[in-house]
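Have the viewer open and follow along as we go.

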Amino acid sequence: MASKPGDLVAAYLELSSAIISDALDAAGIPGTIEGVSSQVPGKKMCGPAFTARYTLATATNTRFADFLDAIPTDAVVAIDNSGRTAVSVWGDTLSLFAVRHRFAGTIIDGVCRDIDGTRALGYPMFSCGTFMRTGKGRIAVESTQEPIVLGTVVVRPGDLIFGDDTGAVAIPKERAEEVLALAHRIVARDRACVQAIESGAPIDQVWAAGAKA
């Protein structure tokens, strides 16, 4: 029986990006998001992706974050800004909105600003870094709820996004149960290795213990 979405997210939040990365490797899924890191230390996030893609624009008729009203509770805002580092797409005002509307976090292939305010809110933020220049009048929303690219990973609406202090990964929604099962096996393997180390075993016996788990 498939897990309920909330139960699946809760199970993933017990893991780490490193464990999930190993599980993705075991499943043959390219899901590790390069170039993006946590900007709010100590905060994990996991949830289904609500995707947005930005494009360069010298003028826009709408504010560049109006789509936030369409984002459901517990979603991860996943923004493809093509890795641009000279123009920000997120600041602490949007983080406050996200906290009030209970988003799971934000991930940007690009940069954010006002990071002190976002950190004060304790809102999970993953990006290529920070830069102060506003995106208003410089970029515009090209599409929402269409496939995007974060780093080199294609992310579709509803795919799970997980992030922690080590990094961020994307899990295809239709394979989330499979990857979770593989991750649990890896956790058991690593636990066996730890127990062997704590018992004083030499390294070859440590690896053997992990292989048997």
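This is a predicted model: local features need pLDDT of at least 70, side-chain atom pairs count only at pLDDT 80 or more; totals for chains, interfaces and linings use all residues.

## Where two helices meet

Now for the geometry. Two packed helices are described by the angle between their axes and the distance between the axes. Here, α2 covers residues 17-27 and α5 covers residues 176-198. The two pack at an angle of about 120°, and their axes are 8 Å apart. The crossing of α2 past α5 is right-handed.

## Two cysteines, no bond

How many disulfides does the model have? The count comes to zero. Look at cysteine 112: the closest cysteine sulfur belongs to cysteine 128, and the two sulfurs are 9.7 Å apart, too far for a bond. A disulfide would need the sulfur atoms within 2.5 Å.

Are these cysteines buried or exposed, or partly exposed? Cysteine 112 has 1% relative accessibility, so it counts as buried. Cysteine 128, at 30% relative accessibility, counts as partly exposed.

Next, find the loop between β2 (37-38) and β3 (45-56), where glutamine 39 is located. Its relative accessibility is 9%, so glutamine 39 counts as buried.

What does glutamine 39 contact, once neighbours within four places in sequence are left aside? The list is Cys112, Ile115, Arg119, Met125, Ser127, Gly129 and Thr130. Cys112 in this list is the buried cysteine described above. With serine 127 there is a polar pairing to look for: a polar atom of the glutamine 39 side chain lies 3.4 Å from the backbone oxygen of serine 127.

## Glycine 122 in its loop

Finally, turn to the loop between α4 (115-121) and β6 (125-127), which holds glycine 122. Leaving out residues up to four places away in sequence, glycine 122 touches Val40 and Lys43.

How far is glycine 122 from glycine 42, in sequence and in space? They are 80 residues apart along the chain, while their C-alpha atoms are 9.0 Å apart.

Notes. Residues are numbered from 1 along each chain as its sequence is written. Side-chain values use heavy atoms; hydrogens and water are left out. Axes are lines fitted to C-alpha atoms, for helices over the stretch in contact, and angles run from 0 to 180 degrees between N-to-C directions. Helices (H or I, at least four residues) and strands (E, at least two) are DSSP runs, numbered from the N terminus. A crossing is left-handed if the near helix is turned anticlockwise from the far one by less than a right angle, and right-handed if clockwise. Buried means under 20% relative accessible area, exposed over 50%, partly exposed in between (1.4 Å probe, protein chains only). A polar contact is a pair of N or O atoms within 3.5 Å; within protein, one must be able to donate a hydrogen and the other to accept it, and residues adjacent in sequence count only if both atoms are side-chain atoms. Contact means heavy atoms within 4.5 Å.
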